[in-house]
Amino acid sequence: PAPARRRRPVSLLRSGGGGSAPLSWTRSISSGNSPRPPDTSLFVPVDIKTDFSEDGSVGAELTQPLDKSELLKVLNRFYKRKEIQKLASENGLDARLFHQAFISFRKYVLETETLAADLHIVLNDICCGAGHIDDIYPYFMRHAKQIFPMLDCMDDLRKISDLRVPANWYPEARSIQRKVVFHAGPTNSGKTYHAIQRYLEAKSGVYCGPLKLLAHEIFEKSNSAGVPCDLVTGEERIFVDPDGQQSGHVACTIEMCSVTTPYEVAVIDEIQMIRDPSRGWAWTRALLGLCAEEIHVCGEAAAINFVTELMYTTGEEVEVRNYERLTPFSLMDHALESLDNLQPGDCVVCFSKNDIYSISRQIEVRGLECAVIYGSLPPGTKLSQAKKFNDPSDPCKILVATDAIGMGLNLSIRRIIFNSLVKPSINEKGEKEMDTITTSQALQIAGRAGRFSSTFKEGEVTTMHRDDLPVLKEIMGRAVDPIETAGLHPTAEQIEMFAYHLPEATLSNLIDIFVSLSQVDGLYFVCNVDDFKFLADMIQHIPLNLRSRYVFCTAPINKKQPFVCTTRLLSQFARQFSRDEPLTFDWVCRHISWPPMPPKNIKDLAHLEAVHDVLDLYLWLSYRFMDMFPDANRVRDIQREMDEIIQVGVHNITRLIRASEAQSSESLPSTQLQTPPQVQRRLRGSQGRGQPPKDVSGSSTLGSRLVQEGRLTKDLLQQLRREWSEEQMHPARNEQTHSRTGGGKSRADKKKRK
């Protein structure tokens, strides 16, 4: 524990948003043993009280009143002295902080009616020629540490944020000599299969995968093989033992793996994701921290040298087993060029939802059925679409998907067709960029064609457009970039220690300071924390203890999800939690307007996907705050129903696209949606669990919805319509009326806006 110390105010810090200078989140390498200087652009001086009324005018009585004009000359000479600037720099005040501290000190000296007696006497002596100007320095530094209080605990903060030897964070793993086996190879080479075989043979084991779908797959495979296995993901816990006792084997998402439970065998899948700018820390933690006699690592050969080097820091050697692809795939000499040339088993890969919708619509116009898979779909819907595409008796023979098919789904694809080679990505500063896909990404996606055990024993890869084909050939002809660094992330314990020293700082501020001061060696980088800070700022106004606030900010929420963020649903979760009022099933149903209507257009479908994510959030929080989220089982039930409704929407996605294109305000006929009877029955059965069902056949206009929800009466709606019509018929008269009220703009301005 940190030594007891007096609590003090912290300097205010910019949160990193808006117009402030962006931080380099990714690689803060220390040079030798000297610490990296802090980013002082983060620090803003705090206001301090300068009340020395208890001293009365002792200083003036012992000497004489100070001449302000003479005092100003003395202070300015003090500021310009190189010796003073150098001394201040050695004590943590760089040029920027020194200037700010001096401005504050000068204002304090000149404007305070009664200075402290000791400072008054020193200043009087200097003005009278009886003292040296450098005598001001101790008082200046005392003032600087009051407005920049972190200067007093900088050494402690540096020690807490020192990330140079993360292997030492896991004493249980360091106490055993682990055997590390690297199963290296391309997609569909059997590398994971061989690791899983060893996992099944062991007395105990843990599988760590990047996706819930992969964890589910190993969970089912293990239990089918007669090896009892539990499932642990952020939102789900399944114990196969009827009494709830833990099994010897567990399949989990990598963030959920335990680094204190001993196992015989651990499998870490997709190790190349250790360099992922957001999630890489989870692979680093698993690789360094798992307490297993054998660590079986699966992934690209590009990670072999790095993992070997990383294991040198733990004193462990790496055994490498290389695998070749089980079935070949080839790059075609010609592009598809037209959707008329599609064949059964084709998969068109897009990197945006809009492209998914557009391609699906064009395929449907040609009389073909297609399955659709993209990242924001619930797992059940993805599996349903994959099953539909794989089923030889189903007329659906075409798949349109994003790179979400790259892992976690077994698909019978004959040919991969890249609709584009440009994919949005997040750079080191957390900014969105559009860039050509990497060789690793291209191979991961292309490798889905002609997989072993699928209908097609050989695969083909091409592009939609002729100009993209030579680019794809060039990309796939390159060597995969070797992995050079692994991600790290500040833990809750480290942030709590920071908060002890800086009790007035916000959580977002604490993260800023931590990253600014953090030191890592050349093998590591600090993961991007923009999403964490975004959530921290969103709930900063809500009274929560630091640990609870940290947990809320690590929740799996996409900050681009409007339903969760724009409507501030996360804030409502946090506020209810802060009141110590449980978030019950009925409370959730009210806030998500359960039961939902079947989607009438693409916008409705996207909203249902967002609601599914909200239910995921509830389940995720329920495993961290069980008492406050007591109805996880009931929420899981309606989430399954939501998944089925979304499956219906995706099954009818081309009709939803047509409705969106027509910008129709009327809902689709119920016969078009082909809602299965069991889903209709469940929706009717949901009336007792939440709000009454809405009129599915009614209008979907905003006014009609507000009337249905009781937020607007029919009379008020009619009045609004009359006023709107009148304004459209007499724009000039309405503009004059508006101008007289003082709220209008000139007609010229309106024309400019038009």
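Student: Is Thr462 buried or exposed?
Tutor: Thr462 is buried, because its relative accessible area is 0%. Buried means under 20% relative accessible area and exposed means over 50%, with partly exposed in between (1.4 Å probe, protein chains only). This is a predicted model: local features need pLDDT of at least 70, side-chain atom pairs count only at pLDDT 80 or more, and totals for chains, interfaces and linings use all residues. Residues are numbered from 1 along each chain as its sequence is written, and side-chain values use heavy atoms, with hydrogens and water left out.

Student: Where is Thr462 found?
Tutor: In strand S18, residues 459-463. Helices (H or I, at least four residues) and strands (E, at least two) are DSSP runs, numbered from the N terminus.

Student: And which residues does Thr462 touch?
Tutor: Among them are Met332, His334, Arg415, Phe418 and Leu472, leaving aside residues up to four places away in sequence. Contact means heavy atoms within 4.5 Å.

Student: New topic. What is the strand order in the open sheet of eight strands?
Tutor: S6-S5-S7-S4-S8-S9-S3-S10, with mixed pairing. Two strands pair if DSSP finds at least two bridges between them.

Student: Which are the edge strands?
Tutor: S6 (237-238) and S10 (318-322); each pairs on one side only.

Student: How do S5 and S6 pair?
Tutor: Antiparallel, over two bridges. Val232 has Arg237 in S6 as its bridge partner.

Student: Which strands does helix H10 touch?
Tutor: H10 (residues 212-224) packs on the sheet and touches S4, S5, S6 and S7.

Student: Last one, helix H2. Which of its residues are buried?
Tutor: Leu71, Val74, Leu75 and Phe78. They cover an arc of only 95 degrees around the axis, which puts them on the same side of H2. The arc is that of the directions from the helix axis to the C-beta atoms.

Student: Which residues are exposed on the other side of H2?
Tutor: Lys73 and Lys80.

Student: And what covers the buried residues of H2?
Tutor: The cover includes helices H3 (82-90), H4 (95-111), H5 (117-127) and H6 (137-147).

Definitions and conventions: Axes are lines fitted to C-alpha atoms, for helices over the stretch in contact, and angles run from 0 to 180 degrees between N-to-C directions.
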